[in-house]
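I opened this structure for the first time today. My notes follow.

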Amino acid sequence: DRQARGRLEASVYPWVRICRLRIRCPDQDGQPVSAACIGTGWFAGPKTIITAGHVLYDVNWPQRDEITPAWGAMADVWIGYREGLALGHANSARFRVTNAWKAFVDSGASEADRRSQIDVGCIQLGESLFDFPRYFDLNGAGDAAIAGQLATISGYPTDRDSAQIQYSGSGGIGDVSPNFFYHLIDTFGGQSGAPVWLGGTGVAQPSVVGIHTGGSEEEARNWAVRMTSELKALIQQWVEENP
């Protein structure tokens with residue numbers, strides 16, 4: 001159900017505020033190696049990109065608290081990206097994740113609901129990639145305002161054109177919990193960290209109510225961290241730290 005964004009679309013708002021991410025994994029000495037994780041991020045401020053925590057920090061790394069680092073070593077960030085061309089590119093090794101995600105111990109698929117509530121992080125750039133004043137709104141709406149509503153996700157799925165093109169899709173928001181919600185929007189790996197906003201692809205000012213973090217083929221549904229007042233405050237804090 002996803003639709004590709006055209007080359008010109010990828011360079012205009014809101015699509016230009018959605019980033020293609022490549023997180024290069026570290027070796028034993030913490031240096032970037034060729035293996036990489038593809039993800040999606042979005043600008044909450046001039047130099048702050050929000051994404052899923054698992055894109056930046058691997059809670060399943062065998063020795064994450066010892067010598068072998070669980071953190072990604074370096075992030076490549078592209079805006080307006082399509083098939084090798086981009087409006088801007090930057091590197092950063094400045095990552096943040098929630099304290100709860102860093103401490104999380106994954107005990108299996110049954111933990112999916114719980115992990116989806118804390119799976120959030122950010123990349124902080126050294127300089128602004130694009131001189132454009134508009135960012136995504138952070139919408140901590142109540143249950144009634146989001147349950148059953150149409151929502152949209154856009155990002156870089158690895159099952160479509162090798163994550164070389166931004167794809168967006170829309171669908172309904174399902175069950176809503178205090179810190180996460182389920183949704184029926186078509187996604188794939190590489191779209192982790194993508195914004196979930198209310199309305200379709202024609203919304204002029206996207207209002208982000210969640211961050212896509214995963215899904216289940218067996219359950220035929222996906223999930224997202226919910227934009228609570230606490231998460232909104234944390235994101236605003238990250239933005240203020242890197243104005």
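I count a contact when heavy atoms lie within 4.5 Å. The model is predicted: local features need pLDDT of at least 70, side-chain atom pairs count only at pLDDT 80 or more, and totals for chains, interfaces and linings use all residues. Residues are numbered from 1 along each chain as its sequence is written, and side-chain values use heavy atoms, with hydrogens and water left out.

**Thr187.** I looked in the loop between β12 (180–183) and β13 (195–198) and found Thr187 there. Strands are DSSP runs of E, at least two residues; helices are runs of H or I, at least four; both are numbered from the N terminus. Leaving aside residues up to four places away in sequence, Thr187 touches Arg2, Ile153, His212 and Asn222. Is Thr187 buried or exposed? Thr187 counts as buried because its relative accessibility is 14%. Buried means under 20% relative accessible area, exposed over 50%, partly exposed in between (1.4 Å probe, protein chains only).

**Helix α5.** I checked the length of α5 (residues 229–241) next. Its 13 residues should span 18 Å at 1.5 Å a residue, and the end C-alpha atoms are 18 Å apart, which agrees. The expected span is 1.5 Å times one less than the number of residues. Which residues of α5 are buried? They are Leu231, Ile235, Trp238 and Val239. On the face turned away from the buried side, I found the exposed residues Ser229, Glu230 and Glu240.
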